[in-house]
Each structure stands twice: as C-alpha cells, then as structure tokens.
Amino acid sequence: MKKQKSHPILTRLLSLVLVLAIMLVVAVMMVPFQFHDEEAEYADYGNWMAQTLSADLRMVDVAMPGSHDSLSYEIDFLSQVDDASVTAPLNQVFLKGLAVRQSKTQELTVKEQLESGVRYLDLRVSYDETEKKWYGVNNFKSVLLSEALLQVNDFLLSHPGEVVVLAFRCCYDSREADGLAGEKGAGELYTLLEDSGLTFFMEEDVSLATVTYGELTGEGRHSAALVLMEETGGAASLLSYGDSVSLAAYDTDSAEAVFSGLNETAKQMKNSVSVQNMFRVQEDVLVMPASVSGVIRSVSTWSLLRRADAFNEAWLSTYETISVGTEQDWLEAMPVVLTDNAGVGDNAEQLMKLILEYNQGLD
C-alpha cells in the first residue's frame, strides 16, 4: 500500500489563511475608528421653542428631541475606563476598539446638540477620586462635566425662550457603598451647577404637573433649565429624577422589537394617570447584547453611530405609518424622543420637523 504524499505548500497556505483570519478578527476588535463623519452637519434649530411654542403648554406635554448618553462625544481609544460604573475588562487592547465604537453615542458637542434642537440631555456622570472631578461617562470617561455645563449655560444666555432639561440618569460615586452619589456627591454636583451659572436659570419648587412653557420662560422672554437628579440633597431647585421621568427603554439590537415595544408602551402610558405629570421618554436606540451573536451583529454594523443612522431612519419611516392621535401614537404617549447621534443629518431634521408639527397641533 502506497503512503500518501503530504502537500507542504497547501498546508502552509492553509496555515497562513488561518493566521490572517485571526489577525483580521483581532484588528476588527481593536480598531477604535468610527469611520463616520467627524465633521457632522446639523441644521440650526437653536430658537425653536421661542419661535413656535404656545405659552400655556405644559412642559411635560411638549415634544422635544433628546440625546441618549449626551456626554459621550469625546470618547476615543485613549479614554480611560470608568471604574466606578464598569467591571468588565474594557481597557484590554483586544476589546477596547470594539468597546469604544459601542460606547460613543453622540458626535455633536453639548453646544451643537442644543443648537440642532435637542432639549433633553440624558446624563451619566461619574466622580474620579484621583482627579477629584466629575466626568460624563458611558463605560469610558468623556468630557468634564464642568465643561459641559458651561456649554449649556452659554447656550441659554444666547437663546432666550429656550428650556433645557438636564436629566442626571446615573451619578456614579465609588466613595459610596452602593456606588451611587449620596448627599455629598449631590452637593458637589449642585456646586458645579452654581459655578457654571446654570442655577440662574433654575426655578425653585417647580411642579411638573402644572408648570407651563410660558411660566418657566416669562412668556418667552428668558431661558430656563430643569435639572433632575436621584439625590437632590434637599435643594429646592432640583427635581427628583425618579418622580419626574417615565422612561421606556428596550434592551435589544432589533429595530422590530423596539417598534413593537413602543406600540405596547404607548397604550400603557396613555391609560396610566400616574405618568401624565412626568417627562415621558422613549429611548429609541439599539444596544449590543452581551452574547456572541450580539457581538457579531454589532461588529457587522461597525459602530454604534452607524447603527444609529440606520435605526433613526427606520424609526421615521415606521412612525409615518401610525395614525396621529391613536392609542399607538408614540409621540403623544412619549413626547421626548431620545436618540443616538442626535441632531445630525437629514434624519434629525426630519424628526425636528415632525416634532414642530406635532407641537403646533397641541395649541
């Protein structure tokens, strides 16, 4: 019986292909670049409230664009992992590129977001014990909170009649046993609001159940800020986040699942008296599930920003098929539309026009 001859060239070729495939996978996981428009264009809607809103509209009924994880725009490969909020080893070189691409949810700065029409800022912040400073975070540290608050203050100073909601969804603080800001952290955050000048725009003892756009802005003559935090520290000008926000969020990477969830939530919210005096928020984003298949699907769309562009377009197309005023009208049930890559491009301008039209129908 003849001994079969080996094929060393073929064996080496297959080995080379395998090595190249592994190197490609590693490169895809490591590369942090978004391959997305860094010079994002946006339309100017800096004065839309002053120009379009009726004075007697309740603020919680006003439809407005919001930005999801508003302060994540400075996250890049050099960003440090926020140890106060993250336990996964995202700083490992093999994982960091992918993690960065899935953590940066916004391209525009706070100033640019507000100029594009965004009026609801979704904020995750964390205290850095080494630097003794508060940062905006989303897995990684981004912009200093003090810098972001100054941008909000500058915007309000130059845009009378506009109202900005600063919703501090998560305030991480490793000095506390539960990892969340207590009275000490709340006091520091309030000091940052004071230092930025924002407390000038904050009214005391505001009741969301009754307060109107006209009451907050002096019939459009001046601007206002509504600041929501879990821990208020007893400050009369801060509103409790838990008592002020009803958030509809869907932990999925399926657009169809989000739209189905919105249909069901819209019905529930319209029939719930308890949420009518709160900001009713729809979180219109896709996330990366913690599974092998979820990671593969996220890699295939490359970055969260790219995925957001496609999803935002799909949201607009789907909403067009819904009859206004029906029990499945997403905007009527949840007037705050929270998106990734907020304010950027044609999708954002389309959303802004839709919101303006909706608000005009409330008059």
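Helices (H or I, at least four residues) and strands (E, at least two) are taken here as DSSP runs, numbered from the N terminus. The model is a predicted one, so local features need pLDDT of at least 70 and side-chain atom pairs count only at pLDDT 80 or more, while totals for chains, interfaces and linings use all residues. Residues are numbered from 1 along each chain as its sequence is written, and side-chain values use heavy atoms, with hydrogens and water left out.

Most residues other than glycine have a negative phi. D69 is not a glycine, yet its phi is positive, at about 50°. This residue sits in the loop between β1 (64–67) and α3 (93–101). D69 is also buried, with a relative accessible area of 3%; buried means under 20% relative accessible area, exposed means over 50%, and partly exposed is in between (1.4 Å probe, protein chains only). N139 is another non-glycine residue with a positive phi, about 75° in its case. N139 belongs to the loop between β3 and β4 (140–144), and is partly exposed at 27% relative accessible area.

Next comes helix α6, which covers residues 183–196. With 14 residues, α6 reaches 20 Å from its first C-alpha to its last, close to the 20 Å expected at 1.5 Å a residue (the expected span being 1.5 Å times one less than the number of residues). Its buried residues are G185, A186, L189, L192, L193 and S196. Looking down the axis of α6, these buried residues fall within an arc of 115°, so they line one face of the helix; the arc is that of the directions from the helix axis to the C-beta atoms. The face turned away from that buried side carries the exposed residues E183, K184 and D195. Among the elements covering the buried residues of α6 are β2 (120–128), β3 (133–138), α5 and β5 (163–172), along with β6 (224–229) and β7 (238–240).

Helix α5 (residues 145–158) holds N153, a buried residue with a relative accessible area of 8%. Setting aside neighbours within four places in sequence, N153 is in contact (heavy atoms within 4.5 Å) with S196, G197, L198 and F201.

What about disulfides? A search of the whole structure turns up zero of them, where a disulfide is a pair of cysteine sulfur atoms within 2.5 Å. For C170, the closest cysteine sulfur is that of C171, 7.5 Å away and too far for a bond. Both cysteines count as buried, C170 at 17% relative accessibility and C171 at 12%.

On a 1 Å grid over the protein atoms alone, a cavity is a set of points where a 1.4 Å probe fits but cannot get out, and lining residues have an atom within 4 Å of a point. Grid points are joined across faces, edges and corners, and a volume is the space filled by probe spheres set on the points. By this rule there are five cavities of 30 Å³ or more. The largest cavity has a volume of about 130 Å³. It is lined by 15 residues, of which N312, T339, N347, A348 and L351 are the closest to its centre. The elements giving two or more residues to this lining are α11 (304–319), β10 (336–339) and α13 (345–360). Helix α11 gives the most, with five residues.

Definitions and conventions:
On a 1 Å grid over the protein atoms alone, a cavity is a set of points where a 1.4 Å probe fits but cannot get out, and a pocket is an open set with protein on both sides within 12 Å along at least five of seven lines; lining residues have an atom within 4 Å of a point.
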